[in-house]
Amino acid sequence: MPEPKITVRNLSKTYRVPEREEGLMASIGSLWRRKYRDVEAVKNISFSIEAGEMVGFLGPNGAGKTTTLKMLAGLLYPTAGEVRVAGFVPWQRKPDYLRRISMVLGNKSQMLWDIPPRDSFRITAEIYRVPRIELNKTLDELFDLLDMQAILAKPVRNLSLGERMKCELVAALLYRPQVLFLDEPTLGLDISMQRRLRQFIAEYNQRTGAAVILTSHYMADVEALCPRVIMIHHGQLLYDGTLHLLANQFAPYKLLRVTINDDSQIDTLPLSGGVALVAHEESSWTLHVPQAEVPAFAAHILNTLPVLDIAIEDPAIETVIDTIYSEGIVGGVQ
Amino acid sequence: MYYIRILALFLRVSVQEEMAYRSNFFISLLQSLLDLSVGVLSIVVLFSQITIIHGWNFATTLALLGTYLMISAIRAIVIGPSFESLVGLDGEIWTGRFDFTLLRPVPVQFLASFRRWRVLPTIDLFLGIGVLVVATTKLTQALTLAHVLTFLIALLAGMFILYAILLVFASCVFWSPGFLFTWVFDGIFQMARYPLGLYPGWARLILTWLIPVGVMTTVPAQALTGDIPFITLAGTVIIAVVLVVGASVLFQTGLRRYASASS
Amino acid sequence: MNLRGGWALIKGTWMSWLQQRSFFFLLAFGWMIPPLIMLFIWYTAASTQAIDGLTQNDFVTYYLLFILVNQLTYSQTNWTVGDAIRNGDMNLILLRPIPPLFYTVASEVAGKVVYMTFVIPVVVVLALIFHPALHPSLYQILAFLLALMFAWLLRFFWGYWLALLAFWATQANALLGIQDALIFLLAGQVAPVALLPGPLGVLAQLLPFRYMISFPIEILLGHLNTSQILTGFAGQIGWLCTTLIIFTGIWRNGVRHYTAVGG
């Protein structure tokens, strides 16, 4: 068994935030006595990721995903715990380590603003010691995959958000890192651009075997790209496994949509034991039914009511996740 | 070699970025000439009323102005723009792009100090040299090679002191991110326009030992226009080295703080 | 100090009251340094003998007053008005039923209050160190206050019409540089106006800059006799009227041009 690329053990990060109070006297008072408050951004997280895996970090804003990612990249020192990435300790920031990883930050750009992208790429290539021939080959591949030929001559400030994100990806990948950290990479992009980027990331992972860790709050990103999901909420690891099992574990129910042409009959619906009416639109009713009872309930409805149409669906992953965020940990962690 | 190649690339890209702004060359030239005129006229006005102050006369003070313009130009060509893009308004630390700098397999201090250049202030460098040359023609004492050599050594030390002080002011941002420390330095740096001898005693002490901006320009000017004791020259060089080392330590400490305290 | 982007950035991004305060304090600090440097230099120059009748104490009193009057009359219209024109906010202001003049005056007054909360304590501390002596008569104080008010009006409208040039040209900054240089040389900053040699002295008497800062101070310090004060007022009021005429003309034409071109 090859050693996992990334090992995280009992990782924690607490930082002190100065308390800011309202009002003039408080502002002046804060000049000589600062009050601090401890924020536990990451609490005792452990997991391991193999070479070439694609993992999504899921969690609401402020959950600790970006903090965890930054600790893996070596940008932050943890308060406690151990991390090994490709055999290195990230926050020692050894050049050999930094050459193997790459990070894309969704709302921040590393491109130089006033000049064409190629020039920014040249600097990055020089800093990461990428030989000229290899660089040109890699760039050609990336330009092709991302369909970027048209924008290469324009100064970056004239590019659209989507085009700029393509440049970010090229800048991040031109030295062929072994681990790619993506923090909200599709933020602000339109649907088709989001889809293109997802395709690209998936293909890149396939081709090069680079491990990809992605944080996003677009469910579509995680659903499309990540066979494995790590859910972080309030700094704690809630779940580590596949998305499908997540739904089953935390929200073992299905949605039944029934269309009936005779309203009067609806009172005869056996709403009990976990079955609840969720929505009602004209002649269509949506019911929330525990997974185990679905076959029996569906059969009952079909037999007793004048059903025009019936559909059985998995709950939307967003709703599942929303419930988890608002209700906290239900059941254990895998 | 690696670092030299990167430096050359930084210079090239900075020139490209500067060109993209199409900042009018003639307006810059006008501004430089204006600064020069005001500087020279100030000295003219001062010495129209008195011939000598603590050993400094019109010619020697003019020489100091030339030195000041040269050091100021060097600050505007390299170290200044780099630090501004790091800690200034809309700089890397303010916008969060500093994370990218931290991810590079290159020492952060190197990037912070040399990442950005501006070529236009070369005008000021030449104007400074011009003023210096004119001032030396008015000197009563003849200019020897020894003078020029000690001047160059003192000037180099002065530049290192400038770098160190700027580095300290820039590092302060790690402790207090919102405050524009480099602007404070801008104000204090103005004091280097005039010889230390023209300031009252206590001000002289502050400008020599606390924030050595005075040493930056006064010592080289003295080296060129008079004879400075070897101990002064040696002392200046030592101060320069100590300050650069100390400032670098401060910067590294600040970096560690940034990585522990931010989220 | 690049203030252009800074002003908007400050307003847009720095919400904390204290943080905004520190930005303005920094600005006030920056404006205070050049006269402070001249204070030190003339103080040292006059240490062995009086210069043109002025003793060390006279210079200290003069420059402390200068710092106060300079800050009180300083016009920030280029930043507020000029910026508004350049970034298009002026369109919104022109649409409002209140004349834009009121906005400008409001921000002037607000700015002054903040700057003075920094400058006054600093001047008090310096006064405690240097012990300036000031014994004006009631008549001088009244004349001073009148001249101060005119000085503020003059400097305000002068700066305002210059800022309005942004209606036509985006690169009006070169003029700013010239303006700053002229104020430095002729308004009493590099030296009290009476000390200016030949041609500079003549220019100072003819141009409006002396009336913006130096004139009120000259009254308060008793350097002028009654007829000189009266001629001074005549000059001040004359320049004020001229400035108002220029201002009105530029305003009318400027707005027409600006709205025609589409801002």
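Tutor: In chain A, strand β10 (residues 253-260) pairs with β12(A) in the antiparallel sense over seven bridges, where two strands count as paired if DSSP finds at least two bridges between them, and where strands (E, at least two residues) and helices (H or I, at least four residues) are DSSP runs numbered from the N terminus. This is a predicted model, in which local features need pLDDT of at least 70 and side-chain atom pairs count only at pLDDT 80 or more, while totals for chains, interfaces and linings use all residues. Residues are numbered from 1 along each chain as its sequence is written, and chains are lettered from A and ligands numbered from 1 in the order in which they are written.

Within the pairing of β10(A) and β12(A), A:L255 has A:H288 of β12(A) as its bridge partner. Strand β11 (residues 276-281) of chain A also pairs with β12(A), again in the antiparallel sense, over five bridges, and here the partner of A:E281 is A:S284. Two residues separate β11(A) from β12(A) in a hairpin, and A:E282, which lies in the turn, has a positive phi of about 50°.

In a regular strand the side chains alternate between the two faces of the sheet.

Of the contacts in chain A with a separation of 6 or more, 74% join residues 24 or more positions apart, a contact being two C-beta atoms, placed from the backbone, within 7 Å. Mean pLDDT, the predictor's confidence in each residue from 0 to 100, is 83 for chain A, with 88% of its residues at 70 or more. Over residues 329-334 of chain A, however, pLDDT stays under 50, and the model has 12 contacts for them beyond four places in sequence.

The buried residues of α8(B) are B:D124, B:L127, B:G128, B:V131, B:L132, B:A135 and B:T136, and they pack against α2 (25-49), α3 (58-77) and α12 (213-225) of chain B. In the loop between α2 and α3 of chain B sits B:H54, a residue other than glycine with a positive phi near 50°; B:H54 is partly exposed because 14 other C-beta atoms lie within 10 Å.

Chain C has a residue of this kind too: C:H131, not a glycine, has a positive phi near 50° and is found in the loop between α6 (100-130) and α7 (138-164) of chain C. C:H131 counts as exposed because it has 9 C-beta neighbours inside 10 Å.

Between chains, 34 residues of chain C are in contact with 31 residues of chain B. On the chain C side, the elements that give two or more residues are α1 (4-13), α2 (17-45) and α8 (173-186) of chain C, and α2(C) gives the most, with 13 residues.

Notes
A residue is buried if 20 or more other C-beta atoms lie within 10 Å of its own, exposed if 12 or fewer, and partly exposed in between; C-beta atoms are placed from the backbone.
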